[in-house]
Amino acid sequence: MYGTVYVMDLTVEACGLTKRYGKMQALAGVDLAVERGTVLGLLGPNGAGKTTAVRILTTLLRPDGGSARIAGFDVVTQAAQVRYRVGLVGQHAAVDEILSGRQNLQLFGRLYHLPTALARTRADVLLHRFGLADTGSRPVGTYSGGMRRRLDLATSLIRAPEVLFLDEPTAGLDPHSRNEVWAAVRALVTDGTTIVLSTQYLEETDQLADQVCVLDHGQVIAHGPPERLKSALGGARVDVVVTRAGQLEDAAATVAAATGGPVETDRDARRVSTRVTDPARALTAVVRALDAAGVDARDVGVRRPTLDEVFLHLTGTPTTDEQESRA
């Protein structure tokens with residue numbers, strides 16, 4: 001499926017993974033390949049199989065069929081070696097609010113059977129690494145959401161895993177806290193950590209992922225770099241937002257004539273949109289045509305396809321961001 005990618009230095013490999021819960025087929029032959037020191041964005045609507053795939057890759061669940069290897073070790077027959085090499089950060093921070101940040105890290109170090117002195121050293125290193133050194137002595141209950149997630153990331157790295165699995169790492173965070181977590185993830189990748197990011201936030205994937213794998217009904221329906229998936233939708237679009245709803249039809253006719261292509265109309269947003277192959281030339285033609293036709297445009301611009309549009313095109317399901325905006 002991935003051609004020559006298997007000659008690369010892969011940290012995560014899966015071939016034909018299947019899993020069934022009663023009559024429900026959660027995974028139906030999933031292939032994955034993640035190169036060392038990169039981020040794979042694992043996308044899909046609810047029930048697509050993302051969580052099942054992550055549980056299998058982290059040895060929390062046995063597959064019914066197929067195989068998977070982490071850092072060269074089989075997730076079924078060499079589960080202990082796999083667990084030693086992976087970290088898992090779930091949707092909710094798994095830290096004790098009564099303990100301080102430093103105490104939490106030391107506790108996790110001892111749970112991983114690190115010597116006491118080494119656990120203390122690792123705790124101090126990670127507090128500095130994630131910008132928590134000044135607050136390491138404070139109870140975690142006083143931390144902001146972003147600080148807690150950064151501490152959660154730190155606890156998963158107490159033993160320096162080769163592969164880190166992140167399940168909705170910024171769910172429920174405000175934009176500032178989300179940016180803090182993204183910065184921490186980028187730093188991990190720079191240091192050589194391989195990351196599998198399971199999320200429904202498409203902006204997050206666009207910001208962080210080197211490769212994207214879209215799951216739907218337990219199958220891989222698309223795989224590749226974000227830019228390639230977006231380009232597959234047909235390139236850039238010219239959008240026109242009119243000031244008055246009554247001019248929407250005139251704007252649509254004008255844009256169609258100026259670009260020679262079909263247009264899409266969103267009455268709620270008072271927007272006309274069309275795909276173009278030469279954005280600069282099309283934008284100039286549209287602006288001149290609108291002016292000549294006397295159409296009052298509030299905004300005219302070029303935009304590229306988004307991962308949200310790719311996701312909707314592939315699965316027919318709005319993303320979490322779209323669902324929230326419609327609520």
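This is a predicted model: local features need pLDDT of at least 70, side-chain atom pairs count only at pLDDT 80 or more; totals for chains, interfaces and linings use all residues.
The largest pocket holds about 400 Å³ of space. Its lining consists of 12 residues, and those closest to the centre are Glu264, Asp266, Arg271, Arg303 and Glu309. Several elements give two or more residues to this lining: strand 11 (237-242), strand 12 (264-266), strand 13 (271-275) and helix 11 (307-315).

The overall architecture was examined next. The protein contains 12 helices and 14 strands. Its C-alpha atoms fill a box of roughly 75 × 45 × 35 Å along the principal axes. Of its 327 residues, 47% count as buried. Among contacts with a separation of 6 or more, 68% join residues 24 or more positions apart.

Confidence was then considered. The mean pLDDT of the protein is 86. A value of 70 or more is reached by 92% of the residues. One is residues 1-7, for which the model has 13 contacts beyond four places in sequence. The other is residues 320-327, with 10 such contacts.

Helix 3 spans residues 101-111, and its buried residues are Gly101, Asn104, Leu105, Phe108 and Gly109. These residues lie on the same side of helix 3 because they cover an arc of only 135° around the axis. Their cover includes helix 4 (116-129) and helix 5 (145-156). After helix 3 comes His113, which has a positive phi, near 70°.

The loop between helix 4 and helix 5 holds Ala133. Is Ala133 buried, exposed or partly exposed? Ala133 has a relative accessible area of 26%, so this residue counts as partly exposed; the cut-off for buried is under 20%, and that for exposed is over 50%. Leaving aside residues up to four places away in sequence, Ala133 touches Arg102, Leu127 and His128. Ala133 and Asp291 are 158 residues apart in sequence, and their C-alpha atoms are 58 Å apart in space.

Definitions and conventions:
Residues are numbered from 1 along each chain as its sequence is written. Side-chain values use heavy atoms; hydrogens and water are left out. pLDDT is the predictor's confidence in each residue, from 0 to 100. Contact means heavy atoms within 4.5 Å. Buried means under 20% relative accessible area, exposed over 50%, partly exposed in between (1.4 Å probe, protein chains only). Helices (H or I, at least four residues) and strands (E, at least two) are DSSP runs, numbered from the N terminus. The arc is that of the directions from the helix axis to the C-beta atoms. On a 1 Å grid over the protein atoms alone, a cavity is a set of points where a 1.4 Å probe fits but cannot get out, and a pocket is an open set with protein on both sides within 12 Å along at least five of seven lines; lining residues have an atom within 4 Å of a point. Grid points are joined across faces, edges and corners, and a volume is the space filled by probe spheres set on the points.
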